Amino acid sequence: MLQLPGVDRALAKDLRMRPKNPVKSIQDLLRLDENEQRKALAKLDAKTYAQAISIAKQIPVLILSNVHFKGMSIYVLC
């Protein structure tokens, strides 16, 4: 959340502590409908809000599925 324009630590904390629809990540913010997004970021002026949402939509989301880790196990004996 701190990557978005106008979002400081205080606002990020307020977003996490919202009683209804807490926002802990950019993906949480984008899952909200437009009216809820505006309410969540009500402390931002219109220009900063528009920039924040625009940037949030451009941040890629990495989804890992069916991940396997292979390698040698190393044991250290003391």
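1. First, the ground rules. Residues are numbered from 1 along each chain as its sequence is written, and side-chain values use heavy atoms, with hydrogens and water left out. Because the model is predicted, local features need pLDDT of at least 70 and side-chain atom pairs count only at pLDDT 80 or more, while totals for chains, interfaces and linings use all residues.

2. The largest nonpolar core has 17 residues, and M1, L4, V7, L15, L29 and L41 touch the most other members. Such a core is a set of buried Ala, Val, Leu, Ile, Met, Phe, Trp, Tyr and Cys residues joined through side-chain atoms within 4.5 Å. Helix 1 (9–16), helix 2 (26–31) and helix 4 (46–58) each give two or more residues to this core, and helix 4 supplies the largest share, 4 residues. Helices are DSSP runs (H or I, at least four residues), numbered from the N terminus.

3. Do look at M1. Leaving out residues up to four places away in sequence, M1 touches V7, A12, L15, V23, K24, S25, I26 and L29; contact means heavy atoms within 4.5 Å.

4. T48 sits in helix 4. T48 counts as buried because its relative accessibility is 17%, where buried means under 20% relative accessible area and exposed over 50% (1.4 Å probe, protein chains only). With residues up to four places away in sequence not counted, T48 touches P5 and G6.

5. Finally, F69 lies in the segment after helix 4 and is exposed, with a relative accessible area of 79%.
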